[in-house]
Amino acid sequence: MSDQLYTPYGFRDILFDEAAALGWIQEKLRSVFARFGYRHVETPLVEYLDVFSAERGSVAPRDMYKFIDREGDLLVLRPDMTPALARMVSLYFREADLPIRVTSSGSTFRYNSRYSAKQRQLRQTGIELYGHASSFEDAEVLCAAVHSLKALNLSDHRITIGHARLVSDLMQALKVPADQQDEWSREIESKNVFSLEQKDMQCAFTEDQAKMLSLVTEAGDRSLLTEGYDLAKRLQAEELAKDFGWLLEVDYYLQAYQVQEDVLFDPGMKPELTYYTGVIFKGYVLGAAEPVLDGGRYDALLYQVGSSFDAVGFGFYEDRLLEAVKAQKIVTEQEAFTLVTGADPGQVIRTADCLREKGELVMAIPGLDQQQAEHYAATHQCARIVMTGQEGQVEA
Amino acid sequence: MSGLTIALTKGRLASRTMSLLENIGIHCEEMYTDTRKLVLEDEGAGVKFFLAKAGDVPTYVEYGAADLGVVGKDVLLEEKKDIYEVLDLKFGKCRMAVAGFPEGKQLLRSGADFKVATKYPEIAREYFLKRHQMPEILKLGGSIELAPIVGLADVIVDIVETGSTLKENGLVVLDTVCPVSARLVVNKASMKIRHEEISDLIRRIGSSL
């Protein structure tokens with residue numbers, strides 16, 4: 001069998017059960033998003049490279065699938081939905097149309113293996129809300145994310161919320177030299193309290209400064225944000241105080257939505273992509289090793305493509321949701337087929353047609369005996385067998 | 001909700017970790033018997049344990065097969081997994097060092113080409129890259145000290161505890177790469193989903209140190 005063909009590295013086939021579960025996931029997400037007023041749009045799989053150029057702050061250029069068309073233009077397989085959707089809304093909508101709520105699904109492609117163990121095709125479904133930067137919008141999008149996880153019946157889930165500017169504003173406030181900022185933010189992100197304590201000693205921080213540094217490695221609820229806000233004020237770090245203040249506003253609306261149990265504030269979070277300018281968040285679910293959703297506010301991205309819109313949004317990684325759905329043994333809806341068989345093909349067709357008319361899902365296979373039919377039904381998702389030309393029917 | 005799972009590094013780190021956990025009321029008598037079971041449990045505290053090879057602990061934790069793990073900083077630096085490193089447990093202390101014959105010091109400074117033998121190619125590569133050197137790095141499985149003695153490599157990058165093996169073979173430490181000790185690591189998703197339980201455990205372990 002040396003001439004068998006396989007999928008390329010990083011790509012995979014999805015067979016019946018998984019495909020059905022994936023379809024179920026997509027349907028659930030779509031119905032939640034519709035309930036929040038998000039309308040479906042589609043953008044092409046292929047875009048000009050410019051849409052994702054380095055200054056947009058999307059996926060690193062070397063992680064994209066690039067190619068050249070006959071006209072000599074540089075194209076990419078979209079590595080990320082957000083810049084493509086930003087391109088679309090800036091093309092068709094004006095200030096007067098705001099706010100605009102869109103949802104879109106499709107595959108994205110990245111060479112980067114860090115995003116998933118090996119997969120290079122990432123199926124995503126997400127929403128984007130274009131409007132005027134407000135914490136109300138942030139909270140709505142976050143709430144839609146929480147409702148989606150609940151609609152999928154997933155237990156043990158959490159959405160962590162941070163602010164894209166918080167860590168860099170903190171380093172500004174603590175006057176960390178520019179060449180050390182990368183290392184600091186890495187250690188804050190990985191909650192390496194020990195190494196930060198050492199830095200604290202080296203820098204001879206004041207009590208408030210040291211408290212602030214340890215606060216950003218913690219995660220918690222409103223009280224953590226209030227503490228951060230007060231500390232920032234005392235340190236006269238206005239930008240930092242503003243970041244905490246914004247998160248406090250988001251929390252205020254999340255309380256109105258009654259989803260504060262499902263979220264956790266994590267001030268030390270690092271933005272995954274550099275176009276994020278405000279709130280950032282990730283969703284974690286028991287059973288998926290990596291975050292199942294990723295999103296945030298990205299106000300500057302649309303200014304770059306000639307729009308004055310602000311925006312917030314997120315995407316679910318469907319493959320990771322599928323992993324969690326399987327790990328948590330969530331019951332997804334599966335089709336149940338009826339197997340119609342019998343010695344006379346004509347009669348098989350007539351019976352099958354009649355059942356299809358009534359809306360049944362039918363597989364018609366003439367010529368099976370009872371034993372063959374039972375075996376086939378058991379391995380092909382058939383809940384019922386109809387033997388034509390015999391008295392009565394046989395339930396599988 | 002099921003209990004937490006902890007991955008321990010086989011050997012001395014495991015017994016040190018167990019005595020640390022006993023201080024905060026987590027026991028596992030089975031660990032001291034010659035059981036063949038791979039996963040052990042303290043049912044009262046709702047904690048499961050398993051032993052793994054040092055290099056594998058970060059992988060178990062990254063993929064969430066264990067919520068927490070105890071492993072040396074050397075392994076974390078080498079494996080570079082996407083996990084939280086939350087506590088220095090302050091045992092298993094030693095250092096990562098560059099070692100070789102005394103004349104190696106000249107060689108490291110000279111800018112001449114040389115060979116490095118190590119179990120930690122990633123740490124070695126980064127160390128020399130910072131010094132703008134790109135020596136050939138040979139990955140070995142063990143007995144690294146042998147390499148300079150039989151002429152396979154000029155210097156080695158390895159863990160040094162007391163330095164007695166080096167001394168007996170006429171080798172010396174040429175430079176320290178970084179100090180090493182056992183660290184408590186946490187799976188990123190677990191840290192969020194089970195934030196309260198895990199922060200509580202970290203606090204208890206931290207204050208018992």
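This is a short tour of two chains, with stops to select one after another.

The model is predicted: local features need pLDDT of at least 70, side-chain atom pairs count only at pLDDT 80 or more, and totals for chains, interfaces and linings use all residues. Residues are numbered from 1 along each chain as its sequence is written, while chains are lettered from A and ligands numbered from 1 in the order in which they are written.

**Stop 1: chain A**

Select chain A, whose C-alpha atoms fill a box of roughly 90 × 50 × 50 Å along the principal axes. Its secondary structure comes to 13 helices and 15 strands (DSSP runs numbered from the N terminus: H or I of at least four residues for helices, E of at least two for strands). Of its 396 residues, 41% count as buried (20 or more other C-beta atoms, placed from the backbone, within 10 Å of a residue's own; exposed is 12 or fewer, partly exposed in between).

**Stop 2: a helix pair in chain A**

Now select residues 207–215 and 222–234 of chain A, which are α7(A) and α8(A). These helices pack at an angle of about 145 degrees, with axes 10 Å apart (axes are lines fitted to C-alpha atoms over the stretch in contact, and angles run from 0 to 180 degrees between N-to-C directions). Show Asp208(A), Lys211(A), Met212(A) and Leu215(A) in α7(A); they meet Leu224(A), Glu227(A), Gly228(A), Leu231(A) and Arg234(A) in α8(A) (contact puts C-beta atoms, placed from the backbone, within 7 Å). By class, this contact has four nonpolar, one polar and four charged residues (Ala, Val, Leu, Ile, Met, Phe, Trp, Tyr, Cys and Pro are nonpolar; Asp, Glu, Lys and Arg are charged; the others, Gly among them, are polar).

**Stop 3: where chain B touches chain A**

Bring in chain B: 13 of its residues are in contact with 15 residues of chain A. On the chain B side, β5 (84–88) and α8 (188–193) each give two or more residues, and β5(B) has the largest share, five residues. That side divides into seven nonpolar, two polar and four charged residues.

**Stop 4: helix α9 of chain B**

Finally, select residues 195–208 of chain B, helix α9(B). Which of its residues are buried? They are Ile198(B), Leu201(B) and Ile205(B). Look down the axis of α9(B): these fall within an arc of 60 degrees, so they line one face of the helix (the arc is that of the directions from the helix axis to the C-beta atoms). They pack against α1 (12–23), β5, β11 (182–186) and α8 of chain B. Turned away from that buried side are the exposed Glu196(B), Asp200(B), Arg203(B) and Ser207(B).

Technical notes. Two residues are in contact if their C-beta atoms, placed from the backbone, lie within 7 Å. The expected span of a helix is 1.5 Å times one less than its number of residues.
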